[in-house]
Structure formats: C-alpha cells, structure tokens
Amino acid sequence: MASQDTVLQTNAQSAREYILSQPSDALSNNPWAVYQALDLYSRTARLMNFKQAKLNVAKEALTAMETPPKVVIEFGTYIGCSAIAWAAILRDLHGPFAEGLHIYTFEVSETVADVARDLIRVAGVEDIVHVMVGPASESLAKLVEEGKIVKGGVDMAFFDHWEKFYLSDLKLCEDLGLFRVGSSVIADNTDIPGAPDYLEYLRAGGRGGEGSVKYVTKSVQSEHIVERRPNIVEVSTVVAAP
Ligand SMILES: C[S@@+](CC[C@H](N)C(=O)[O-])C[C@H]1O[C@@H](n2cnc3c(N)ncnc32)[C@H](O)[C@@H]1O
C-alpha cells in the first residue's frame with residue numbers, strides 16, 4: 001500500500017498535470033483563475049487545498065484589516081493553492097504594481113514544493129510568492145536572520161501544515177517578535193483533524209503575563225456546511241504586541 005506521503009505527492013503532481021493541460025490563455029498570469037481551477041479540480045480529486053468557502057472567510061478578514069496586509073507567512077504550501085490566493089488578494093488590495101508585497105510559504109516536501117512553484121509561475125505571482133523548503137520553523141528563523149522579515153513585519157500568518165506544529169510555530173512567531181497590533185492569524189483544520197492546544201491558547205488570549213502577545217479569536221463557520229466535514233476557520237487578531 002502506498003504511504004501517505006506518496007499519495008500526497010502523486011495527487012499534487014496530478015493537479016499540476018491538470019492545470020498544465022488547460023488552455024494557457026485562460027490561466028496564464030491570472031492567480032484567481034488558477035486558484036479557481038484548482039478548487040474546482042479538488043472537488044473530484046483528493047486534494048488538501050484551502051477550499052473556496054474557507055478562503056472567503058479569510059479574504060473577508062484580510063479585506064477588513066485597518067492596515068491592508070502586505071506581508072504574509074504561510075505554514076504549509078502543498079500545491080500553492082492558498083499562496084496563490086493570498087497573492088491575488090494582496091494584488092487586489094494594493095494594485096498590480098505595488099511594492100513590498102511578499103508571501104513566504106513553507107513546505108517540508110521538495111516534491112510538492114516543486115509543484116507549487118510551477119503553479120505559482122502559471123499564475124504569474126512568482127515575484128511575490130517565495131516557497132521555502134524545509135521544516136517551517138527553520139525556514140522562518142532563517143528569514144528573520146537574513147533580515148527579510150523584520151520585527152512587527154508580519155501582517156498575516158496562516159497555519160495550514162500539520163496541526164501538532166500550530167502552537168509551537170505560533171509561539172515561535174511571538175518569540176521572533178513578528179506580530180504587530182492588528183496582525184491577523186488564521187488557521188485551517190482546527191475543528192477536524194483539530195488543534196485543541198492551539199485553540200485553548202488563543203481562547204485564553206495568549207501566553208499571559210506582562211509584555212506578552214495578546215489575541216482575540218473567533219471560530220468562523222464557512223458557508224459550505226457539510227456535516228462531519230471541516231468547516232471552521234479560526235480567525236485571530238493580535239490586540240497587544242510588546
Ligand atoms: C494541508 S496542506 C497545505 C495546503 C495549502 N495551504 C493549499 O491550500 O494548497 C499541508 C502541507 O504542510 C506540509 N507540512 C506539514 N508539516 C510541515 C512543517 N513542519 N513544515 C513545513 N511544511 C509542513 C505538508 O507536507 C503539506 O504539504
């Protein structure tokens with residue numbers, strides 16, 4: 001029987017074949033069209049991309065931010081579906097020629113990262129979406145070390161890798177001083193498979209104590225309600241940052 005990793009990689013490669021087989025004038029340099037083609041494809045294929053109904057929740061949160069977001073970090077690239085959507089949203093918010101737009105996205109598998117890079121290229125957003133291969137915590141620390149992300153410089157962090165890493169990676173963001181008041185922290189799959197320690201932490205408002213990062217958080221039900229399927233997007237806002 002094929003391992004989970006092999007299935008994950010094979011499905012990702014099939015998604016790339018599907019996209020590359022489409023007429024290029026329909027998708028080329030059009031991030032929304034690529035996102036939607038992938039989302040449509042995922043309805044019949046087993047893909048673990050961030051689906052449209054949930055993206056709508058995240059998009060609403062990003063659009064409502066007082067300071068429109070420019071820098072996004074994403075834990076879990078997979079085929080680049082959500083990263084392409086973040087690029088489309090940032091471009092919509094700031095215009096096609098805006099400077100300083102960056103999506104740093106972290107993926108542990110070289111094989112699926114290659115798929116993401118190809119799809120990001122089709123979408124024409126490779127100038128603002130940076131795929132980093134390796135454990136997310138290491139990639140993030142490297143970005144800070146290299147000065148590519150500065151203190152208070154993350155407008156939105158998206159958690160969509162393996163749930164067991166959500167809380168430790170959130171705490172790493174705090175330890176590196178990446179958030180500002182108003183930063184958004186969004187997470188998928190907190191209901192199924194579930195990230196109880198992450199939810200408990202955010203619902204308590206954070207680590208607690210003087211000088212700590214504080215949050216308000218809400219579990220938002222996405223519109224596409226299928227019983228016993230993951231429907232929740234956890235949307236948290238930083239309300240205090242030392
Ligand atoms: C649910 S998928 C991400 C879906 C993606 N956001 C999208 O919409 O296409 C989770 C991905 O996280 C990756 N991953 C899991 N743990 C990781 C870690 N600690 N560091 C980096 N990537 C990780 C997995 O290999 C997998 O490709």
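**Helix packing, ligand contacts and backbone details**

In α3, the residues Pro 31, Trp 32, Val 34, Tyr 35 and Leu 38 meet Cys 81, Ile 84, Ala 85, Ala 88, Ile 89 and Asp 92 of α5, where contact means heavy atoms within 4.5 Å. By class, this contact of α3 with α5 has 10 nonpolar, no polar and 1 charged residues; Ala, Val, Leu, Ile, Met, Phe, Trp, Tyr, Cys and Pro count as nonpolar, Asp, Glu, Lys and Arg as charged, and the others, Gly among them, as polar. The model is a predicted one, in which local features need pLDDT of at least 70 and side-chain atom pairs count only at pLDDT 80 or more, while totals for chains, interfaces and linings use all residues. Residues are numbered from 1 along each chain as its sequence is written, and side-chain values use heavy atoms, with hydrogens and water left out.

Two packed helices are described by the angle between their axes and the distance between the axes. For α3 and helix α5 (residues 81-94), the angle is about 150 degrees and the axes are 9 Å apart. The axes are lines fitted to C-alpha atoms, for helices over the stretch in contact, and angles run from 0 to 180 degrees between N-to-C directions. Helices (H or I, at least four residues) and strands (E, at least two) are DSSP runs, numbered from the N terminus. So α3 and α5 are roughly antiparallel to each other (angles under 35 degrees count as roughly parallel, over 145 as roughly antiparallel, 65 to 115 as roughly perpendicular and the rest as oblique). The crossing of α3 and α5 is left-handed, a label used if the near helix is turned anticlockwise from the far one by less than a right angle, with clockwise being right-handed.

Next come α1 (residues 4-20) and α6 (residues 110-123), whose axes come within 9 Å and cross at roughly 20 degrees. That is why α1 and α6 are roughly parallel to each other. Their crossing, too, is left-handed. On the α1 side the contact includes Leu 8, Ala 12 and Arg 16, and on the α6 side Val 112, Val 115 and Leu 119 are among the residues involved. Sorted by class, the contact of α1 with α6 has 8 nonpolar, 3 polar and 3 charged residues.

As for the ligand, 20 residues surround it, and Phe 50, Ser 82, Glu 107, Ala 136 and Asp 160 are the closest (a residue is near a molecule or strand if one of its heavy atoms lies within 4 Å of it). An oxygen atom of the ligand sits 2.9 Å from a backbone N or O atom of Phe 50. A ligand nitrogen atom is 2.7 Å from an N or O atom in the side chain of Ser 82.

The peptide bond from Ile 192 to Pro 193 is cis, with omega near 0 degrees, and Pro 193 belongs to helix α9 (residues 190-194). Asn 29 is not a glycine, yet has a positive phi of about 60 degrees; Asn 29 is found in the loop between α2 (24-27) and α3 (31-41).

How values were computed
A polar contact is a pair of N or O atoms within 3.5 Å; within protein, one must be able to donate a hydrogen and the other to accept it, and residues adjacent in sequence count only if both atoms are side-chain atoms.
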